[in-house]
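Dear colleague,

Here is the structure you are taking over. My notes on what was found in it follow below.

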2 protein chains.
Amino acid sequence: MKQTIKVGYIGCGRRGRSILKECLAKMRDVEVKYICDASQQRMERATAHLLAGGAARPQFVTDYHEILRDPEIDAVFVMTGWSGRPQIAMEVMRAGKYVAIEVGCADTLEECFALVDTYEETGTPLMMLENCCYGRRELAALNIIKKGLFGEVVHASGGYLHYLNEGELFRDIDTAEIPHYRIGHYRDRNRESYPTHELGPLAKALDINRGNRMVRLSSFASKSCGLKQYAADHLGADSVWAKTEYKQGDIVNTIITCADGATILLTLDTTLPRPYYSRGFSIRGTKGMCYEDGNVFYFAGMPETRQNKGNEGDMMEQYEHPLQKEYRAATQEGGAHADGIDWLVCRAFVESVKAGTLPPIDVYDAAAWMAVGPLSEQSIAQNGAPVDFPDFTRGKWQNREPAAENKYALHTVIEDDSMPIFPKI
Amino acid sequence: MKQTIKVGYIGCGRRGRSILKECLAKMRDVEVKYICDASQQRMERATAHLLAGGAARPQFVTDYHEILRDPEIDAVFVMTGWSGRPQIAMEVMRAGKYVAIEVGCADTLEECFALVDTYEETGTPLMMLENCCYGRRELAALNIIKKGLFGEVVHASGGYLHYLNEGELFRDIDTAEIPHYRIGHYRDRNRESYPTHELGPLAKALDINRGNRMVRLSSFASKSCGLKQYAADHLGADSVWAKTEYKQGDIVNTIITCADGATILLTLDTTLPRPYYSRGFSIRGTKGMCYEDGNVFYFAGMPETRQNKGNEGDMMEQYEHPLQKEYRAATQEGGAHADGIDWLVCRAFVESVKAGTLPPIDVYDAAAWMAVGPLSEQSIAQNGAPVDFPDFTRGKWQNREPAAENKYALHTVIEDDSMPIFPKI
């Protein structure tokens, strides 16, 4: 067990800087030895966060290979844009260093297989930093499911329900050095391009890759109207953005069927006006359910929860996961998120690196979740024809070893005597 | 224009009696001359409602053909169970009498075509009594859409989200003369068997069969666990109901693609515990949206609605449809539904019969909505393969005459100066 680790950090865009500022800069057992970006200015901004946290100045590199050559480095964070990330991650694995990748899709299925192959060849662990797996709601539900309180899980749904036109895609578009990379994806492709925030927690709830697997996917895109309409209304009907043809449908619904017969519904919803962010998280079991948009947790055996649309806050407190309790007790600082999801997911990675164990969200999870992008694109292009989901574990899902038994693992029953007793049926 | 009409009424089950009691018994321009049912007892119970309303005693018949032979009869209500209803409806049309059918699916696509063919041969109008088209929320949204306030409609969703195990399917199962007919359907079939409560209003919102049409459908069923689990827990693990194998998946999601590129998501959700009824009604446009489960109406041009999760009540009042206003002013009695949906849909039919005009929900609508049952069954049986949606209008959807211009029509812009002005963009 290492007391401290040295890391390299690739990608200092908005998201990359946020993780540095809110998480790594505050961790006394993590030394950021290198940061890497094409932009000197972005590296300076990132460094300011580290220095403010009392850390030493990291070395700046524009070629990440320099990081990989340093034998002192234990782990590397890959926080670049969607494309190219798998390629860098594979080089990191080949250099024998733990690798953490930011969430997102693969461009191609081949990339997903290559990640798995590289892991199996090198034995170097990869973790996807899917912060939403550590969300307060998601962890409470996982807790409830692992205790059997929802019964058998039959269906689960979620979405990335986040209006991006004004706050992200076209923000400062007239002055931006380069347009947001998502615009290019939306112009050129029609797919479920951002599934992991919802799919990650649902996959954990359904034991995907650990006793269950996703076997089939179908995906459907509505017409594409929201980007053009927004651009015409706000950037001018003659602007290049209003005249661009976008392939990306505004609402993409994807249905995944699992080996055990459970179904998963995912929704991408980012380019039509909506008033609030949601991950639309829902779990349906034979004995209970939860549903984010209804603010409800419900147990069939507890009739007193029946009319409690709006009881979610109470239930999340009653069934709060120990990690969330610990986080809340330790700090009120959650970075961008009040429930500390960035902090927790980074801790999960750091603890795995220190202990030399497998991370709780591993290369098989990452490959499967990232594969939704190219698979959905195939299905949409064929009017929603079902597409087989590759088994990236090559059969091992049926009897896989659990993740390392540290407290950040997402696969084990949480023992906590303070939890309420099993509801009656 | 007739001042009064004489009707025959076939089917005096729970739903049939409710419509008699809450609607027809109170309409002074409708004389129920016949009622028909296999059970004398049910006819007596139905009659009690009519007599209580001051009406004359109807004639009892067990063979509905007697009704069809009476030249005095203007219209016939067909309120029997799901199966066999189209057959009776066709006989009514051939007898030259307006026919109203209760909501539900066709068993087969052939039945849907036969309904359309019979209408085209006879010229006798049919109306499906889809009460939810007249719901307060649905009518307010229709009002907003027709005024253009949501912009272009891109996606719509809804569901029949109603836990039926305890309240309907297995209620009094030990003492019931015959089990609820839905149990047999759930044992023998796996399909979206009850789409019209949500699809009806969504189809009206999207101008289906009047400028737009449904071109393709895919349907996905989760495993089937809820019925067996409920029966084992409540009726005994050794009961016949716990030992029955049910084909019906607990959650069925169906995606329909329209000619204009809009998509519709339907969900059947009746056999897993859930704490409240919802139709999950949602409309997504380029300039606004509404969402039942979020209790929200949102207009992009009105930033003050942005954080108003929970503003639905206010917005439904502001944009209330004239029919709902009129209903609320006239009565506080809404039958089973506070917003008078049964009353309004029955009035829509009665007014069409009196005026000799086309009803607002006609045979093409009914055929298309009822076709979801057999089409979804086909798709589910093929792992969600897309199935072409027949064009029951045979091309006429591109340029169909609007429904008759009575105030119950669902296809025209509602002129009402008391409505709020168009939100700014």
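Predicted model: local features only at pLDDT ≥ 70, side-chain atom pairs only at ≥ 80, totals over all residues.

The rule for polar contacts finds 17 residue pairs across the interface of chain B and chain A, both residues being at pLDDT 80 or more.

On the side of chain B that touches chain A, several elements of chain B each supply at least two residues, among them β7 (153–161), α10 (226–234), β9 (251–258) and β13 (296–299). The most comes from β8(B), which gives 4 residues to that side. Sorted by class, the side of chain B that touches chain A has 21 nonpolar, 18 polar and 14 charged residues.

As for the extent of the contact, 53 residues of chain B and 53 residues of chain A take part. Between them the two chains bury about 4,500 Å², and 58% of this is on carbon and sulfur atoms.

A:Arg191 lies in the loop between α8 (181–188) and α9 (196–205) of chain A. Is A:Arg191 buried or exposed? A:Arg191 counts as buried because its relative accessibility is 3%, and the cut-off for buried is under 20%. Apart from neighbours within four places in sequence, the residues in contact with A:Arg191 include A:Cys105, A:Asp107, A:Gln248, A:Leu268, A:Pro374 and A:Glu377.

Regards

Conventions. Residues numbered from 1 in each chain as written. Chains lettered and ligands numbered in written order. Heavy atoms only, no water. Contact = heavy atoms within 4.5 Å. Buried area = accessible area lost by both parts, 1.4 Å probe. Polar contact = N/O pair within 3.5 Å; in protein donor to acceptor, adjacent residues only side chain to side chain. Nonpolar A, V, L, I, M, F, W, Y, C, P; charged D, E, K, R; others polar. Buried < 20%, exposed > 50% of the residue type's maximum accessible area, 1.4 Å probe, protein only.
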